[in-house]
Amino acid sequence: MKNRFSARMTAASVLALAIGAAGSVQAQGVVNVFNWSDYITDEVLEQFTAETGIRVVYDVYDSNDTLEARLLAGASGFDVVVPTATFMQRQIAAGVYQPLNRDLLPNLANMDEALMAAAATHDPGNEHGVIYMWGTTGIGYNIDMVAERLGEDFDVDTWAMVFDPEIAAQLADCGISWLDSPTDMFPAAFAWMGIDPQSTDAADFEAATEMMLAAREHVRYFHSSQYISDLANGEICVAVGWSGDVLQAAERADEAGRGVNVWYAIPAEGAMQWFDMLVIPADAPNPENAHAFINFIMQPEVTAAITNYVWYPNANRASWEFVDEEIFNDPAIFPTAEVSETLFPGVTYDSRTDRTVTRHWTRIRTGQ
Ligand code: SPD
């Protein structure tokens, strides 16, 4: 397991320097940030305030639907939010975000062109968003509990762990969780079934629903953040989860020193690669502070400190030299070229598909 001590010290040292240098910084208002849970270090927020005088009001969510509901209700009061690119695409179409003022974002030069081009498929010209972090949707597992039940030689890099009823039945007693996120679960189910993960065909959703209903009885719960602590504590043994969150669970388990060993598998049948984007709502009360915050995050050392803490890869090329070597070279975090071939992008559902997805997901969650 990696040791994050050096990364923490780096952030703390930078913070101490920043406070020293910025001792006379005057209060410059506020920036209201709404981000995913377990997705930043406090040190980075403190460093931003120390450098700019802008206070950060920070709140969290664990679902794109939660964020979307807040934004569509209007007057959210947020200055910076972090939708996944597929959701950002339809939110841009709904007029939810303002274009970025590139003059206020000189650190855009640090971003990796290829990754930003991939995000541009959801936001032509990257006019509204900058990649915060990216990751994959795969399987977190307790190495020993799974080996005890399925055998040492079982290849864990398969969606069979959570979708094959016979295999899931053998894991049910130690606890399986699924993400409460149909936009992650349906493409994963499609990949397992050999269906195009980007399908929007109603018949495919029907087939995937039947498949998931058959496995569902072995699922302990549906949740999109609880699995981090539950994996770390040995309360569950398998979770459909997001790469960095699972690896945070692995680190917490390691630090606790109670013999719980967690790791992350990218299923060989294919897994989603997604991008979470820094964007500014059209009605943000403090757009200049929002730009200052985004530009600050894009400083190489800052982005690297976040990656070193949350175990998600970033798209800030200039930061990679500051990312802990063990993280940068870990294929569970930065997938190899070979594994990248098996990754697929997420898809933006139109409103008709969205209704189909919601209806089927309700059936799956309730088991009917
Ligand atoms: N704890 C941070 C989780 C970030 C998850 N991003 C959403 C990806 C959706 N496919």
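Predicted model: local features only at pLDDT ≥ 70, side-chain atom pairs only at ≥ 80, totals over all residues.
The largest pocket holds about 230 Å³ of space, and 13 residues line it, with Asp65, Pro182, Val357, Thr358 and Trp361 lying nearest its centre. If we ask which helices supply at least two residues each to this lining, they are α4 (85-93), α9 (182-193) and α17 (351-366), and the largest share, six residues, comes from α17. Sorted by class, the lining comprises four nonpolar, four polar and five charged residues.

Why does the pocket lie between the two domains? Domain 1, made up of 4-129 + 279-335, and domain 2, made up of 136-273 + 351-366, both give residues to the lining, and therefore the largest pocket is placed between them.

I turn now to the helix pair, bearing in mind that two packed helices are described by the angle between their axes and the distance between the axes. Helix α11, residues 226-233, and helix α12, residues 243-256, have axes that come within 8 Å and cross at roughly 35°, and this crossing of α11 and α12 is right-handed. On the α11 side the contact is made by Tyr227, Ile228, Ser229, Leu231 and Ala232, which meet Asp245, Val246, Gln248, Ala249, Arg252 and Ala253 in α12. By class, that contact between α11 and α12 contains seven nonpolar, two polar and two charged residues.

Terms used:
Residues numbered from 1 in each chain as written. Heavy atoms only, no water. Axes fitted to C-alpha atoms, helices over the stretch in contact; angles between N-to-C directions. Helix = DSSP H or I, 4+ residues; strand = E, 2+ residues; numbered from the N terminus. Left-handed = near helix turned anticlockwise from the far one by under 90°. Contact = heavy atoms within 4.5 Å. Nonpolar A, V, L, I, M, F, W, Y, C, P; charged D, E, K, R; others polar. 1 Å grid on protein atoms, 1.4 Å probe; cavity = no way out; pocket = protein on both sides within 12 Å on 5 of 7 lines; lining within 4 Å. Points joined across faces, edges and corners; volume = space filled by probe spheres on them. Domains from an automatic or database assignment.
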